[in-house]
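Here's a quick briefing to read alongside the model. Have a look at the fold, then run through the points below.

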Amino acid sequence: MKNLAHRNIPITIVGGGIHGISIAIRLLRDMPTAAQHIAIVDRHPKPLTEWRCKTERQGMTFLRSPAVHHIIPDPLGIVEYAERHNRTDELAPPYSQPSTELFWDFCNDALAVSGLQIPPTGHEVYYQFDVAKLRWDKGAGKFPFRLISTHNEGFRSSCVILTIGSGDCAYVPPEFTEWQRQYPDRIMHASQFSVNCKQGEENSGKIVIVGGGLTAGTLAKSLSKRGHHVVLIARKQLKTEQFDFPPIWLGPKALAEFASEIYFQQRYQIIQENRGEGSITPDVMETIENSRNVDIFPETHISNIISAQGLQVETTRGLITNVSRIILATGYKFNLRGYDFLRELIRQSPIPLVCGLPKLDVNLQFHPIENLFGSGTVAQLQIGPASGNIAGANLAYERFREKLFAQLPQAL
Ligand SMILES: Cc1cc2nc3c(=O)[nH]c(=O)nc-3n(C[C@H](O)[C@H](O)[C@H](O)COP(=O)(O)OP(=O)(O)OC[C@H]3O[C@@H](n4cnc5c(N)ncnc54)[C@H](O)[C@@H]3O)c2cc1C
């Protein structure tokens, strides 16, 4: 693989996850020659690694979203792929949600066809490059952005799109920080845990999962199927929903109303209300409710955790003994300040934030920085509750498409 050092790249996408790849595929569809002028950089050697790891670690077997949400612009792309490969049984009712394996194979096929991995032009598009610093030298000519890797290599770019997800912002509720410090090998966030790792000792103790969302439900399902005794503890009653946000948030009416809200704090509130504190899909809920290996404790608080024969967990429903591990399925709380590689940029050019989220302009630009865009969780205050989901990538691309075209050489 060639490297990027000392090159000038018109458009750089930071993050080769679902959003970064979806945006690149859409851009190449609209303008195939763009392959020579874009770079996708990610800390992983291959695209979509983060997605693959997260779904595998939880043992997730089906996506939550319907078949029309994926990484290419043709809504029926994955259905047609399933038909071509006799895999329509991997589209689950009621919304043809694809199996994670089907989705993964479809994504790889889409990547191969798109020219992002082995471009027909011979130009490299995807690079393993962990961005340690992003600088913006306003007035430094056509390529004002400088990206520096953890290996101290650097290159310049005219335009940068941040598609960094929220994986670096795992949320640990404050009451757990001290317990986690005391028992670091036994209490961990769900992002650090895999249902597939060797866990001989766990079979002899209970696994406590904290959380009421789909991650908690999927982990409970996967671990119970592997023979573990699971206790699922949620602060509230568990909610059953097919989707993690009401689908009206993909339609023009709700989005226009959201855009007309001038107070960004209020927009943040709307996102919280519509995404809620998490819910579990009906199929996963049915499995865990019927599993003899899963005890569900809703409306329960943990008041203390002590070490005795494994761990003992004191809750408002009584004592849970012989606990081998506690998994915090407590989600992610995005905060732009949590990203070290942006620290200098934020200090230099104060980007207004609301509860950690940047106030992007309607083109998803990080005002006052020109030609720095965002898609995914980072763009929530413009795109609304669907922003971080797969479908959010298309909504974002539509906002900055014209601005990207303007970066391509014939326009430079
Ligand atoms: C288990 C799970 C299941 C989900 N299921 C669904 C679903 O069914 N439907 C749906 O719509 N949504 C779903 N989501 C939500 C969402 O669609 C996914 O999280 C999706 O992966 C988000 O894509 P992304 O590109 O924004 O982020 P990510 O996939 O997290 O990609 C971000 C990328 O940025 C890279 N990166 C970050 N910082 C740097 C840096 N400094 N330098 C280099 N690279 C960097 C990371 O390595 C990563 O590859 C699910 C989420 C999870 C966790």
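This is a predicted model: local features need pLDDT of at least 70, side-chain atom pairs count only at pLDDT 80 or more; totals for chains, interfaces and linings use all residues.

- On the α1 side, I18, H19, S22, I23, R26, L27 and D30 meet A393, N394, Y397, R401 and L404 of α12; contact means C-beta atoms, placed from the backbone, within 7 Å.
- By class, that contact has six nonpolar, three polar and three charged residues, with Gly counted as polar.

**Around the ligand**

- Of the 33 residues around the ligand (C-beta atom, placed from the backbone, within 6 Å), G15, G17, G165, G376 and N389 come nearest.
- α2 gives the most to this shell, with five residues.
- The shell divides into eleven nonpolar, 16 polar and six charged residues.

**Two domains**

- Domain 1 covers 8–168 + 333–411, and domain 2 covers 174–244 + 279–328; the bounds come from an automatic or database domain assignment.
- Their C-alpha centres lie 32 Å apart.

**Ground rules**

- Residues are numbered from 1 along each chain as its sequence is written.
- Local features need pLDDT of at least 70, side-chain atom pairs count only at pLDDT 80 or more, and totals for chains, interfaces and linings use all residues.
- Helices (H or I, at least four residues) are DSSP runs, numbered from the N terminus.

Methods:
Two residues are in contact if their C-beta atoms, placed from the backbone, lie within 7 Å. Helices (H or I, at least four residues) and strands (E, at least two) are DSSP runs, numbered from the N terminus.
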